[in-house]
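Please examine the protein shown below. The briefing that follows treats its backbone, its surface and one of its pockets.

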Amino acid sequence: MAPTTDSAGNTEDAAAARASLETLRTEIAKAVVGQDPAVTGLVVALLCRGHVLLEGVPGIAKTLLVRALASALELDTKRVQFTPDLMPSDVTGSLVYDTRTAEFSFQPGPVFTNLLLADEINRTPPKTQSSLLEAMEERQVTVDGVPRPLPEPFLVAATQNPVEYEGTYPLPEAQLDRFLLKLTIPLPSREDEIDVLTRHASGFDPRDLRAAGVRPVAGPADLEAARAAVAETTVSPEITAYVVDICRATRQSPSLTLGVSPRGATALLAAARAWAWLTGRDYVTPDDVKALALPALRHRVQLRPEAEMEGVTADSVINAVLAQVPVPR
């Protein structure tokens, strides 16, 4: 049966959106060297309307990565440096008294953007960390009893340093669970680091992405078309059961005090679905689930102290679970 005009048009829009999103890697690589997995993770999060926690040592271009992504997608972006004295209103905005009108007016905070970079989120107290909870979950901010919707698309990319814990406030499990993915940003390889230094020696300025040649290659319309196509990606009952079995297995692991919640299972399925569509398929395979299992689940489990002392990591537990759970055929 031939597709209707609308379905044919939607198919063409989806194909064009996929092609545009595929060029993101090339465009961002003009500014950021060797971080393809992180770029893919950020795109998956945008397609799933999720948020991303970026973990890596200082100086590996986490901030530059988010700025380059926003530039290539022609999205507004703002950065907040989280510090111990940061107040919730510094993030969400507040009511300001206007002496000319003798009335209070709302002054939007930096959260009113498309891509919010929450830099070193674990350096601010839980009171300020929690100011993002409503924004991340409800995509709105309530000030003085009035809900104010955030722009669409909206993504929080939060960074944290994995090696420096003095003066930090670890994110509570409830907030970690709000992040769709946790991406670990590794140090570059020798070849990539040589490439970075060569670019800087040639005059590369990370503060001027336009001069680096980063141009918009996609936009909000492409994201909308892509999201609609992802929603049509087929998930078989066997794949759904496979995701559930993986998450339930983490709850029975002797190395963990906290396994993956049902929200985590939903996140894994959504991320696998988006990844399947990005790779050119309209159905999800077990390999898609395996590919997204670590970034979707590693921050949703809690190690037992004795297991941590023995060198067990969240990634090793999840990999062991993936090796044990039967794969559907």
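Glutamate 120 sits in the loop between β5 (115-119) and α6 (126-129); helices (H or I, at least four residues) and strands (E, at least two) are DSSP runs, numbered from the N terminus. The model is predicted: local features need pLDDT of at least 70, side-chain atom pairs count only at pLDDT 80 or more, and totals for chains, interfaces and linings use all residues. Residues are numbered from 1 along each chain as its sequence is written, and side-chain values use heavy atoms, with hydrogens and water left out.

- Most residues other than glycine have a negative phi, and most peptide bonds are trans.
- Glutamate 120 has a positive phi of about 55°, although it is not a glycine.
- With a relative accessible area of 22%, glutamate 120 is partly exposed (buried means under 20% relative accessible area, exposed over 50%, partly exposed in between, with a 1.4 Å probe and protein chains only).
- Alanine 61, in the loop between β1 (52-55) and α4, also is not a glycine and has a positive phi of about 75°.
- Alanine 61 counts as partly exposed, at 29% relative accessibility.
- The peptide bond from glutamate 152 to proline 153 is cis, with omega near 0°; proline 153 lies in the loop between β7 (146-149) and β8.

**The second largest pocket**

- The second largest pocket has a volume of about 560 Å³. On a 1 Å grid over the protein atoms alone, a pocket is an open set of points where a 1.4 Å probe fits, with protein on both sides within 12 Å along at least five of seven lines. Grid points are joined across faces, edges and corners, and a volume is the space filled by probe spheres set on the points.
- Its lining has 30 residues, of which Gly59, Ile60, Ala61, Lys62 and Leu64 lie nearest the centre; lining residues have an atom within 4 Å of a point.
- The elements that give two or more residues to this lining are α4 (62-72), β8 (155-160) and α9 (190-201), and α9 gives the most, with 5 residues.
- The lining divides into 14 nonpolar, 8 polar and 8 charged residues (Ala, Val, Leu, Ile, Met, Phe, Trp, Tyr, Cys and Pro count as nonpolar, Asp, Glu, Lys and Arg as charged, and the others, Gly among them, as polar).

**Around tyrosine 97**

- Tyrosine 97 belongs to strand β3 (residues 93-98).
- Tyrosine 97 is partly exposed, with a relative accessible area of 45%.
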